[in-house]
Amino acid sequence: MPSPVGHILLAFTISGVPKSGDVFTRWWPVLVLFAAIAPDLDFLPGIIVGDPNRFHHGPTHSITAAVVFTVVIALLFRSLSKAQMLVLFLVYAGHVLADTLARDLGAPYGVPLFWPFDSHYYIAPVTLFSNFSHGTHNDGLSSVIQDIFSVHNLWTVAIEIAILGPLLWLTERYRRRTS
Ligand SMILES: [Zn+2]
């Protein structure tokens with residue numbers, strides 16, 4: 001998986017960086033950030049049982065989950081436009097697809113993209129991002145946290161900023177020109 005930094009940069013590349021004069025609701029940037037990291041909430045049940053990685057890269061990392069997420073958010077926030085719902089779907093699905101583009105050192109490799117219709121895990125043949133280390137199965141919370149704050153992960157974040165930073169800058173420039 002890419003780091004949360006990579007996921008957030010990609011999310012704002014998709015949604016556009018919110019500006020103070022935007023007609024969007026106050027909650028919009030929060031919703032975009034939430035959609036960007038929501039698939040990784042599958043760490044929570046593992047943290048509760050003392051094995052943070054136990055359920056990671058499960059059903060929340062699928063297109064079906066992106067649809068369910070968007071429907072639930074649309075029901076909770078009735079004022080969202082169809083365009084905003086589409087953006088939230090794309091941000092969530094973008095997280096899942098970004099995970100298929102990152103190195104994965106532990107089987108099963110990648111994500112169950114088409115769960116529950118297909119149980120295969122998908123990962124790109126050539127990965128663009130490095131892996132964001134977060135321990136492996138059966139590692140307790142403290143060794144997972146130690147792994148997260150590793151030098152390796154600094155490199156992972158640096159690569160993501162090098163790739164996604166210019167992409168975000170270009171899309172913002174394009175948006176400003178066309179608005
Ligand atoms: Zn993920």
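Q: How many aromatic pairs does the structure hold?
A: The model, which is a predicted one, holds three aromatic pairs. In one of them, the ring centres of phenylalanine 34 and phenylalanine 69 lie 5.7 Å apart with the planes at 45°, so this pair counts as tilted.

Q: Which parts of the chain does that pair link?
A: Phenylalanine 34 sits in helix 2 and phenylalanine 69 in helix 4, so that distant parts of the chain, 35 residues apart, are linked by the pair.

Q: And phenylalanine 69, buried or exposed?
A: Phenylalanine 69 is buried, at a relative accessible area of 11%, whereas phenylalanine 34 is partly exposed, at 34%.

Q: What about the rings of phenylalanine 69 and tyrosine 92, how are they placed?
A: Their centres are 5.0 Å apart and their planes stand at 35°, which falls between the 30 and 60 degree limits, so this pair is tilted. The pair joins helix 4, which holds phenylalanine 69, to helix 5, which holds tyrosine 92, across 23 residues, and both residues are buried.

Q: Switching to helix 4 as a whole, which of its residues are buried?
A: Ala65, Ala66, Phe69, Thr70, Ile73 and Ala74 are the buried residues of helix 4. Viewed down the helix axis they fall within an arc of 165°, so they line one face of the helix.

Q: What do they pack against?
A: The buried residues of helix 4 pack against helix 2 (28-37) and helix 5 (82-100).

Q: How far apart are the end C-alpha atoms of helix 4?
A: They are 20 Å apart, which agrees with the 20 Å that its 14 residues (63-76) should span at 1.5 Å a residue.

Definitions and conventions:
Residues numbered from 1 in each chain as written. Predicted model: local features only at pLDDT ≥ 70, side-chain atom pairs only at ≥ 80, totals over all residues. Heavy atoms only, no water. Helix = DSSP H or I, 4+ residues; strand = E, 2+ residues; numbered from the N terminus. Expected span 1.5 Å × (residues − 1). Buried < 20%, exposed > 50% of the residue type's maximum accessible area, 1.4 Å probe, protein only. Arc of directions from axis to C-beta. Contact = heavy atoms within 4.5 Å. Phe/Tyr/Trp six-rings, centres within 6.5 Å; stacked < 30°, edge-to-face > 60°.
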